[in-house]
Amino acid sequence: LIPPAGSASGSPHSWSCQNLSNLKGRLTSVLSLGDDVLPEYKLQTPRIQKWTILHYSPFKAVWDWVILLLVIYTAIFTPYSATFLLSDQEEAAMQTCGYSCSPLNVVDLIVDIMFIVDIIINFRTTYVNSNDEVVSMSSRIAVHYFKGWFLIDMVAAIPFDLLIYRSGEETTTLIGLLKTARLLRLVRVARKLDRYSEYGAAVLFLLMCTFALIAHWLACIWYAIGNVERSTSAGIGWLDNLGEQLGTPYNDSIIGSGPSIRDKYVTALYFTFSSLTSVGFGNVSPNTNSEKIFSICVMLIGALMYASIFGNVSAIIQRLYSGTARYHAQMMRVREFIRFHQIPNPLKQRLEEYFQHAWSYTNGIDMNAVSMGDFLGILNFLCQSTRQNRHG
């Protein structure tokens with residue numbers, strides 16, 4: 001695999017280009033959110049039409065990460081904006097000064113534009129069919145996208161707040177409900193992140209992020225319920241109690257009275273976290289029937305999440321320590337063999353050192369279990385990869 005010293009391909013410039021190509025390929029494989037790591041079609045040069053993007057190209061990998069970050073932003077700020085920020089005063093301000101009133105409105109508009117651009121890019125991105133062939137025909141790509149994620153992407157990309165602002169006929173509540181349609185993109189992101197399920201630390205991090213995100217969503221719903229109950233509960237809802245505790249009670253004759261948005265969000269998030277973790281100190285408690293029913297649902301969700309998270313954590317810990325457990329089990333067998341046969345100390349020490357060296361070399365893998373067919377397949381794959389890197 002190493003070219004002769006006198007050949008042109010063995011020059012420093014050639015090898016630097018080859019190393020750069022290898023580094024580029026590894027970076028693309030890490031950044032790629034697709035299911036495949038290095039299938040056979042990546043070793044070949046596909047024939048694509050003009051303005052067509054390869055689904056495993058570096059540009060598509062970086063673009064997928066940008067869309068992922070925008071989806072995460074949407075998952076966090078859309079429910080918060082729909083419940084805490086949208087109000088009659090906000091709508092009146094939108095009618096007077098437009099998008100310059102709030103920077104979040106400008107960011108939301110940019111996110112909508114990026115999602116629309118992503119739809120256009122998906123119409124020009126190749127895919128792999130059932131025969132592991134790269135499809136680059138525009139018509140077949142469009143049909144495949146229409147049958148797949150087009151509907152979800154289209155609904156998530158519609159700028160409902162912009163359309164409603166122009167018409168001026170919809171209510172504030174409808175604006176918040178329609179803006180939550182962007183969360184549909186999380187379904188697509190969840191499927192793309194499945195490729196990281198083999199890494200224990202990544203799974204644990206994703207579980208904790210999911211737990212925090214669900215708590216954030218439930219906090220927004222908890223505030224929405226309390227805001228609705230304020231007009232029908234005769235001042236016994238959790239928001240009225242919070243205002244009394246903080247010394248900022250609600251006064252219907254004063255616009256903007258009551259606790260600040262920060263106090264209301266922090267209190268709502270505190271309640272959902274304490275309910276999901278079954279701690280519940282009681283300083284924030286449900287008082288109306290709607291609040292009690294929602295609290296019951298939160299407790300049920302918390303029980304299910306506890307079972308899921310702790311089940312995965314125990315499996316991850318068992319996987320991390322499985323290699324250590326196998327090492328100690330094999331070492332115990334070696335020592336039992338030494339004790340049974342009464343091997344002298346010098347030879348005993350040499351046997352233990354040999355076992356430790358063999359384990360560090362093979363990492364506990366039984367090399368006799370690897371068949372010749374698997375070995376030849378690995379060699380064939382390495383040869384194809386090297387040939388592609390040298391001539392590609």
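**Ground rules.** I am working with a predicted model, where local features need pLDDT of at least 70, side-chain atom pairs count only at pLDDT 80 or more, and totals for chains, interfaces and linings use all residues. Residues are numbered from 1 along each chain as its sequence is written, and side-chain values use heavy atoms, with hydrogens and water left out.

**Whole chain.** I looked up the secondary structure and found 16 helices and two strands. Helices (H or I, at least four residues) and strands (E, at least two) are DSSP runs, numbered from the N terminus. Next I checked burial: 33% of the 392 residues count as buried. Buried means under 20% relative accessible area, exposed over 50%, and partly exposed in between (1.4 Å probe, protein chains only). Then I turned to contacts, meaning heavy atoms within 4.5 Å. Among contacts with a separation of 6 or more, 71% join residues 24 or more positions apart.

**Helix α15.** This helix covers residues 345-362, 18 residues in total. From first C-alpha to last it reaches 26 Å, close to the 26 Å expected at 1.5 Å a residue; the expected span is 1.5 Å times one less than the number of residues. Which residues of α15 are buried? I found Glu-352, Phe-355 and Trp-359. Seen down the axis of α15, these buried residues fall within an arc of 60°, so they line one face of the helix. The arc is that of the directions from the helix axis to the C-beta atoms. A reminder to myself: an α-helix has 3.6 residues a turn, so residues three or four places apart point the same way. The buried residues of α15 pack against α14 (322-341). On the other side of α15 I noted exposed residues, including Pro-346, Arg-350 and Tyr-354.

**Helices α2 and α9.** I looked up how α2 (residues 58-85) packs with α9 (residues 185-192): the angle is about 130° and the axes are 10 Å apart. Axes are lines fitted to C-alpha atoms, for helices over the stretch in contact, and angles run from 0 to 180 degrees between N-to-C directions. The two helices α2 and α9 are therefore oblique to each other (under 35 degrees is roughly parallel, over 145 roughly antiparallel, 65 to 115 roughly perpendicular, and the rest oblique). Among the residues making the contact are Ile-67 and Leu-68 of α2 and Leu-186 and Val-189 of α9. In α9, Arg-185, Arg-188 and Val-189 are buried. They cover an arc of only 100° around the axis, which puts them on the same side of α9. The buried residues of α9 pack against α2, α4 (103-122), α5 (138-147) and α6 (150-157).

**Tyr-306.** I found this residue in helix α13 (residues 289-320). Tyr-306 is partly exposed, with a relative accessible area of 31%. Leaving out residues up to four places away in sequence, Tyr-306 touches Leu-276, Thr-277 and Gly-311. Helix α12 (residues 261-276) packs with α13 at about 55°, with axes 8 Å apart, so α12 and α13 are oblique to each other.

**Gln-342.** Where does Gln-342 sit? I found it in the loop between α14 and α15. Gln-342 has a positive phi of about 55° although it is not a glycine. At 71% relative accessibility, Gln-342 counts as exposed.
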